[in-house]
Amino acid sequence: MAKGPPSPCDIEAGPRGTQPTQPPPPHFQPPMPKTWFSWLVPLIFAANIMMFVYTMYVNDCPATTGEKCLLSAYLGRLSFQPFTENILLGPSITTLIKLGGLETKLVVEEGEGWRLLSCMWLHVGVIHLVANMLSLLFIGIRLEQEFGFVRVGILYLLSGFGGSLLSALNSKTSISVGASGALFGLLGGVLSELLTNWTIYENKLAALLTLVLIITLNLAVGFLPRVDNSAHIGGFLSGFLLGFILLVRPQFGYVSPKHIPPGYDIKRKPRHMTYQYLLWVTALIILIFGFAYGSAKLFNGETPYNVPI
C-alpha cells in the first residue's frame with residue numbers, strides 16, 4: 001500500500017522548515033523605592049518640646065518677676081513672662097541668652113561659636129514653637145521617609161548652621177533663636193530635589209509652581225517686625241545647595257545590575273544624568289566656600305553687622 005506524502009505539519013514542531021519563535025526579551029522595571037521609617041524627625045520634635053519646657057523651668061518667672069507672670073496660678077514655675085516682655089508666651093531674653101541663644105557679640109568676642117548650633121533648639125515662645133514644629137512634621141517626615149535619617153539629619157543641622165551664620169553676620173537684633181533656619185533648609189532641599197530629579201516627576205510645572213509659592217509665602221513672613229529673616233535666607237540657601245548633594249535620585253528608567261537576572265545582556269541607562277553630577281560638584285564647591293568665607297568673616301570680626309542679604 002503506497003504511503004501518502006509527508007505531512008506538512010508536525011503537531012509539536014509546527015510547519016516543517018520553520019523554527020519556534022523566541023519570546024521577546026523581558027522588560028525590567030526598577031524596583032519601587034524603599035520607604036524609610038521616620039524616627040529622627042519625631043525625635044527632633046520631642047527634643048524641641050523638652051528644651052522649651054526646660055527653658056521655662058530655668059526661667060522661673062515668679063522668682064524674678066513676681067505676680068505679673070502669665071498663668072502663674074496654673075503653671076507655677078513654668079509660667080510665661082508678661083506680654084510687655086514677651087508677646088509670644090515664653091521666657092525672658094536673659095534666659096534665652098543663658099541657655100545658648102545666638103548673640104553675635106558673644107560669638108565674636110567670647111569665642112562662643114557653639115551658639116551657632118545651640119540656638120536652633122531654643123524658641124521665643126509657645127506660638128513660635130508651635131509654628132516651627134508643625135512645619136517640621138509636615139516637611140521633615142516625608143523627606144525622612146524618602147531619603148532616610150542620615151541625609152535628612154545632615155540637611156537639618158547644616159541648614160540650621162547656615163541660617164545661624166548669616167544671622168550672626170547680619171545681626172540686627174540682640175538675640176536670635178529658633179529652628180527656622182533648619183526648617184527653611186528643608187524647604188530649600190525640597191526645591192533642589194525637584195530640580196535635580198526632574199526626570200522622575202510627571203506634573204513637573206505644577207509641582208514647581210506650588211513649591212515656589214509655599215517658599216515665597218514663608219519668606220514673606222520674615223519681613224515682619226522682630227523676625228530674623230537672615231536666618232531664614234541663610235538656612236534656605238544652605239538647604240538648597242545641600243539638596244543637590246544629598247537628595248539625588250537615579251534617573252527615570254535606571255535599573256541596578258543586581259536586579260537583572262544572570263544571562264541577560266540589556267542596555268542600561270546610567271545611574272545619574274550628566275547635569276546631576278554637575279549640580280552636585282557646583283553645589284559642594286559653593287557650600288564649602290560660603291561656610292568657610294562666612295565663618296572667617298564672623299570670627300575675624302571684620303563685618304559682623306553689615307553683610308548685605
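The expected span of a helix is 1.5 Å times one less than its number of residues. The legends below apply to a predicted model.

**Figure 1. Overall arrangement of secondary structure.** The protein contains twelve helices and two strands. Along the sequence, the elements follow the pattern β-β-α-α-α-α-α-α-α-α-α-α-α-α. Of the 309 residues in the protein, 42% are buried. Among contacts with a separation of 6 or more, 72% are accounted for by residues 24 or more positions apart.

**Figure 2. Helix α1 and its buried side.** Helix α1 covers residues 40-59, and its end C-alpha atoms lie 28 Å apart, which agrees with the 28 Å that its 20 residues should span at 1.5 Å a residue. The buried residues of α1 are Leu40, Val41, Ile44, Asn48, Phe52, Thr55, Met56 and Asn59. Because they cover an arc of only 155° around the axis, they are on the same side of α1. An α-helix has 3.6 residues a turn, so residues three or four places apart point the same way. The packing partners of the buried residues of α1 are α2 (61-64), α4 (93-98), α7 (126-147) and α8 (149-169). Just after α1, Asp60 adopts a positive phi of about 45°.

Figure 3. Although Glu144 and Leu40 are 104 residues apart in sequence, their C-alpha atoms are 7.7 Å apart in space. Leu40 is also one of the buried residues of α1. With neighbours within four places in sequence left aside, Glu144 is in contact with Trp36, Phe37, Ser38, Trp39, Leu40, Val41, Pro42, Phe149 and Val152.

**Figure 4. Packing of helices α8 and α9.** Two packed helices are described by the angle between their axes and the distance between the axes. For α8 and α9 (residues 180-196), the angle is about 125° and the axes are 7 Å apart. The two helices, α8 and α9, are therefore oblique to each other. Their crossing is right-handed. On the α8 side the contact is made by Leu155, Tyr156, Ser159 and Gly160, and on the α9 side by Gly181, Ala182, Leu183, Gly185 and Leu186.

Definitions and conventions. Residues numbered from 1 in each chain as written. Predicted model: local features only at pLDDT ≥ 70, side-chain atom pairs only at ≥ 80, totals over all residues. Heavy atoms only, no water. Helix = DSSP H or I, 4+ residues; strand = E, 2+ residues; numbered from the N terminus. Buried < 20%, exposed > 50% of the residue type's maximum accessible area, 1.4 Å probe, protein only. Arc of directions from axis to C-beta. Contact = heavy atoms within 4.5 Å. Axes fitted to C-alpha atoms, helices over the stretch in contact; angles between N-to-C directions. Parallel < 35°, antiparallel > 145°, perpendicular 65-115°, else oblique. Left-handed = near helix turned anticlockwise from the far one by under 90°.
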